[in-house]
Amino acid sequence: MTIPASRKLWLGYAVAMLWLYVLLWPLIGIKPEGLEFATSTEIWAKLAVVSAILLALWQLKQRGVFDFVSRPAQAASQVFTKAADRVPTWIWLVFVLAGALVFPFLTERYAHDVAISVLVYICLGLGLNVVVGMAGLLDLGYIAFYGVGAYTYALLSVHFGLSFWLCLPLAGAFAAVAGCIIGYPTLRMRGDYLAIVTLGFGEIVRIVLNNWMSLTNGPNGILGIKAPGVYWWQDGKVEHIWLGSLEQLYYVILGLAVCTVVAVYRINNSRIGRAFEAVREDQTAAELMGVNTLGIKLLAYAMGAIFGGLAGAFFASRMRFVSPESFTFIESAMVLAMVVLGGMGSIPGVILGALALIALPEIFRGFELYRMFVFGGVMAMMMLFRPKGLWPAKRMGVRSEEKD
Amino acid sequence: MTQQPILELKNVSAAYGRIKAIKDISLKVYPGEVVSIIGANGAGKSTTLMSISCVLPITGGEILYDGVRIDGTAPDLLPARGLCQVPEGRRIFPRLTVEENLDMGAFFRKDKAGILHDMNRVFQLFPILQERRRQHGGTLSGGEQQMLAMGRALMSRPRLLLLDEPSLGLAPLIVQQIFRIIREINESDGVTVVLVEQNANLALQASNRGYVLETGNVIMEDDAQALLANPDIRKAYLGE
Amino acid sequence: MEVFLQQLVNGITLGGVYALVALGYTMVYGIIQLINFAHGEIFAAGGYMGVILISWMVAQGYPPFVCLGVALVLAMGYCALLAMAVEKLVYKPLRSSSRLSVLLSALGMSIFLQNGLMLTQGVYDRAYPGEMVRGGFEIGGAMVSYMQIVIVGITVVLLVGLNTLVFKTRVGKAMRATAQDKTMSALVGINASRIISMTFAIGAALACAAGIMVGMYYGSVRYDMGFVLGVKAFSAAVLGGIGNITGAMLGGLIIGMIEVFAAGYISSEYKDVFAFIILIGVLYFMPTGIMGENVDDTRV
């Protein structure tokens, strides 16, 4: 980098820091008791120092100062990737699955709880991935289907005593119907209108759940939902037992997640999956090729909704309680962020995204308050630095003219 | 000619993504000239003009205006330096009135009296625009839009005017009127003009010199009269 | 009749506020085709800036109207700077990216700002000091508070000011030109980046004023108040025909009226639903909005 360019960079940095202080100080420093500078200056100084160091490091990297480290590291990682590529995929899958199966024996209660959350979000993320990643329809109200699934099971369980296993497909079906109802009027809309309309639908569902006292008991929620039950060989005879403990629930959701992964993988590699992709890349061209775009979009909505509904039913059985509070917009944003962070259209990416967004914050428990703050910032910055996600899908966005 | 060219392209290349649109184009335009660039569809004529206006970043070579490199500068700084373009398709602001369109042409200028004077000069050149001054640009006919686009460019008091397909889609009578005015602003206002045209005959007749572009390369340059007389050119571009 | 009049008065007050916020959405959409999700948060930040500045000035013993006036101006400046920072940091580098990327980063920015407000200002409602403007009068059985008069007055001044700016000044012309054709506006010497930045700043200043007035009207602000109001204001912008300034003003007024009347005559629990239903209905049946396409003289 030339010296004038470098000077310009640091001048920009100075302006940005000044700007930051002007934005930061009034929020923290103006109090009815008087003006205070110490707190805001301290926070600002920390931010300024950190960003200055990052900027300097970046500048040094541009000049190639770290080449002696990065070159061998790059070579090593290349060797590693090549070696890893040689191992067939199924071996990796067996390893991951085996790890997931023995996980409860190696860890204690709290880890089980987190693992269950992660798996629920994996199901949700994969479901949303069908809509957003594969079909390219931005859905900001996805959590509504989760809610529909949860309430379906909650109501059927509490009022009619129906079993979890019977309600699971019903929850999926109800969610699919809801997906079609929401999907139909939005089909002809362009991407960003679609986003805001699905957001509106999501909010409508939440408000209805919150206010339809006679059916949903409003904000108080529904209590007394039963856990899944199975017949199991116990003490020499087959008995009906409730899968109420966390380990048991862990295996239920693990099974559900594995089914979801398999289903989404199969969809992705089917004719329908390619039709989704065609609609995403160029709707007009897809239509001219004979793809029924309206039908395909509706199908994408319904399929995505089914996975949401299944996860919702599990959520209700795991918490034994549902209330509208669990289905706010921020949850939709969270699931969307997983898909985006992981890599749209990529199954391992979504799993990675769910791990990153649910498990990582649990490790930094002390910073609970900062979780959404950091999350929002990362989501915005992600689009700048790695718009295709942590683990990009192989076929995503590779257009003919971009290929060599 | 020994004087300094007002515009010089040295081995300029430009691309849309990976598709190379122009390759190693070199040309010179001297003050006071009318130079036409002719060629078939897709030969890179409009790309050349967009590169000169710095709207399209070039991938190689140099563009000199008044002997100073301009490639890489922001396009919005060029009108103030006297370099102005009337792009293909005219690109009138459709929901601005005729007057507002003209005023936007003089956006960088702050001299109110001068702007008013120039607007009257444009109305003199194109009386129809005065009649339609309060109408939206989008409601004008094709010919009127072309006049408005040229008038808007003149509002910046250009020294070098780039015109992209001024005859496109216009009735022959209107085309003649447009070309008469091109000659007039060249002769009486001393504006240097670079003219890109598919209608090679018309363009060369109005020009001093011409360049022939084919698939992104300059394949010939000569005096306009010589090009008009060249049998190859007559065959390829003049429809004989 | 009395109820009707009362709702009318309340509807105008609320509708004006929606119109102010809707303008920010419509102007930004008009110029860079982005649904600026962070706009609702700018509105909330405005409400907070108002409460921060007014509380401080009241504590210093300035008279209420001085407090309100100075706070309004300073907070509007603050929000303009905030929106410009967001634009420069996040939206500008993404100008040539896919719309989905920009939309997602806008969403991220919205979450970031909302939680930033929560972290610095706390999770609980923050009350505006006392009643800034007391009392009111009665017309035909409807109570009109002086506060409402002040709010409607400020709204009208801001709307007229914006109209003048956009349709009468050269900068306004340049804004409209940039929205209509960015390449061409560069070719005539308009710096599109500066115009876009300015559009964000103006929209943010209007949203900020709306935030302060909502805060005064309801007596308090909350860190997440920008979300629902943002969606409603966006609905207003869509209803008016997105990109259309007069449309946004009209749309805001209509949404405000519908909300107030629906709350009064149908159900107050579901009042938030109506804005969403209108949004969906408009997009389905007349996606260009009431001022779209045919009457587009006032598009940005």
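In chain A, the centres of domain 1 and domain 2, taken over C-alpha atoms, are separated by 36 Å. Domain 1 covers residues 3-84 and domain 2 covers residues 115-402, with bounds that come from an automatic or database domain assignment. The model is predicted: local features need pLDDT of at least 70, side-chain atom pairs count only at pLDDT 80 or more, and totals for chains, interfaces and linings use all residues. Residues are numbered from 1 along each chain as its sequence is written, while chains are lettered from A and ligands numbered from 1 in the order in which they are written.

Chain A also meets chain C, in a contact that takes 39 residues from chain A and 42 residues from chain C (two residues are in contact if their C-beta atoms, placed from the backbone, lie within 7 Å). On the side of chain A, two or more residues come from each of helix H1 (3-29), strand E1 (30-31), helix H8 (191-211), helix H14 (329-342) and helix H16 (371-385); helices (H or I, at least four residues) and strands (E, at least two) are DSSP runs, numbered from the N terminus. H8(A) gives the most to this side, with 12 residues.

Within chain C, the axes of helix H1 (residues 2-32) and helix H5 (residues 146-168) come within 10 Å and cross at roughly 35°. These axes are lines fitted to C-alpha atoms over the stretch in contact, and angles run from 0 to 180 degrees between N-to-C directions. Residues of this contact include Val9(C) and Leu23(C) of H1(C), and Gln148(C) and Leu162(C) of H5(C).
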